[in-house]
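Let's take a walk through a protein together. Have the sequence and the 3D view side by side, and follow along as we go.

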Amino acid sequence: MDRIQKKDGDQQPAMEGNFHGHDKGGDETRKMEDTGHVHGHSSSQMDHLDPSVIVFFTIKDLKLGKTLPIYFVRKHFPPFLPKEKADSIPFSYSQLPYLLEFFSFSQGSPQAKAMENTLRECEIKSIKGETKLCATSQESMLDFVHNIFGLESYFRVTTSYLTKSRALLQNYTILEVPKETPAPKMVACHTMPYPYAVFYCHSQLTENKVFKVLLQGENGDRVDALAVCHLDTSAWSRDHISFRMLGIEPGTSPVCHFFPADNLIWLPSPTQD
């Protein structure tokens, strides 16, 4: 990563041009992990929806030939810093004034608000049954994943865009029978808006199902999509956007969502018979 020489002699990571502020799409996905199927809504309802939350569906929708409106975030996020460099930079809300000066952002700017939101989210206490970490380096992410899985081997899965397109929201049709990947344990890692790569990684005790779903958009786009279904939503807030979109109540049905390509899931490797 390029460097920017500061007047006082310190060096800071060069800012990526795409760090403009808070990423609503990624945040909604992550918040849903903490705690689509919208054809039944009127057009006026849809007009007032933030399109970045159109990623929800029910497990009954996972069938060959089903068509769903889906929003896929297509952003390039900054890379991880080397662990030594990441560990040398404070990562704390209490240090926000220093960090804004370090990265040359003015208070009240979109970048400053994004950094504040990320630091606050990373310092919120874990919910019951959750283990979490905001990983600021690849090494810290892998250490966290290793601590969750112990001696088990593991691998990661992501969403892959098979074609290049600028389309964010469109209708997608399921081209093949979705393939379920066993997920007795799962670590989900979500990108957070920050000057360098930060992933909110967490694992929960509740049961989930993980699927790979081959999709084709109206414009011909193909996506090998990663989908997660949360089987127990009884503890989720009644105000969660997914319940409003799907017309269901907490605990009455599994809630599923697609992962954008910059998020990833770690799963235990299948056992060899």
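Which hand does the link of Cys189 and Cys201 have about the S-S bond? It is right-handed, with 115 degrees about that bond. Before going on, a word on what you're looking at: this is a predicted model, where local features need pLDDT of at least 70 and side-chain atom pairs count only at pLDDT 80 or more, while totals for chains, interfaces and linings use all residues. Residues are numbered from 1 along each chain as its sequence is written, and side-chain values use heavy atoms, with hydrogens and water left out.

Let's stay with the sulfur links. A disulfide here is a pair of cysteine sulfur atoms within 2.5 Å, and by this rule the count comes to 3 disulfides. In Cys189 and Cys201, the sulfurs sit 2.1 Å from each other. This pair links distant parts of the chain, 12 residues apart: Cys189 is in strand β10 (residues 187-192) and Cys201 in strand β11 (residues 198-204). Helices (H or I, at least four residues) and strands (E, at least two) are DSSP runs, numbered from the N terminus. Both of these cysteines are buried, where buried means under 20% relative accessible area, exposed means over 50%, and partly exposed is in between (1.4 Å probe, protein chains only).

Now find Cys122 and Cys134, joined by a disulfide with an S to S distance of 1.9 Å. The torsion about their S-S bond is about -85 degrees, so this disulfide is left-handed. Cys122 belongs to helix α5 (residues 110-123) and Cys134 to strand β5 (residues 130-135). Both Cys122 and Cys134 are buried.

The remaining pair to look up is Cys229 and Cys256, with 2.0 Å from S to S. Its torsion is about 105 degrees, so the disulfide is right-handed. Cys229 lies in strand β13 and Cys256 in strand β14, so the pair ties together parts that are 27 residues apart in sequence. Cys229 is buried, with a relative accessible area of 0%, and Cys256 is buried with a value of 0% as well. If you number the bonded cysteines in sequence order, the pairing reads 1-2, 3-4, 5-6.

That brings us to strand β14 itself. Why can we call β14 (residues 255-259) largely enclosed by the rest of the structure? Because 5 of its 5 residues are buried. Look at its partners, too: two strands pair if DSSP finds at least two bridges between them. Strand β13 (residues 222-230) and β14 pair in the antiparallel sense over 5 bridges, and Ala227 has Phe258 in β14 as its bridge partner. Strand β3 (residues 56-57) also runs antiparallel to β14, joined by 2 bridges, with Phe56 standing opposite His257.

Last stop: the largest pocket. On a 1 Å grid over the protein atoms alone, a pocket is an open set of points where a 1.4 Å probe fits, with protein on both sides within 12 Å along at least five of seven lines, and lining residues have an atom within 4 Å of a point. The largest pocket is lined by 22 residues, and Lys75, His76, Phe77, Ala261 and Asp262 lie nearest its centre. Helix α6 (138-149), β6 (154-158) and β15 (264-268) are the elements giving two or more residues to this lining, and α6 provides the largest share, 3 residues.
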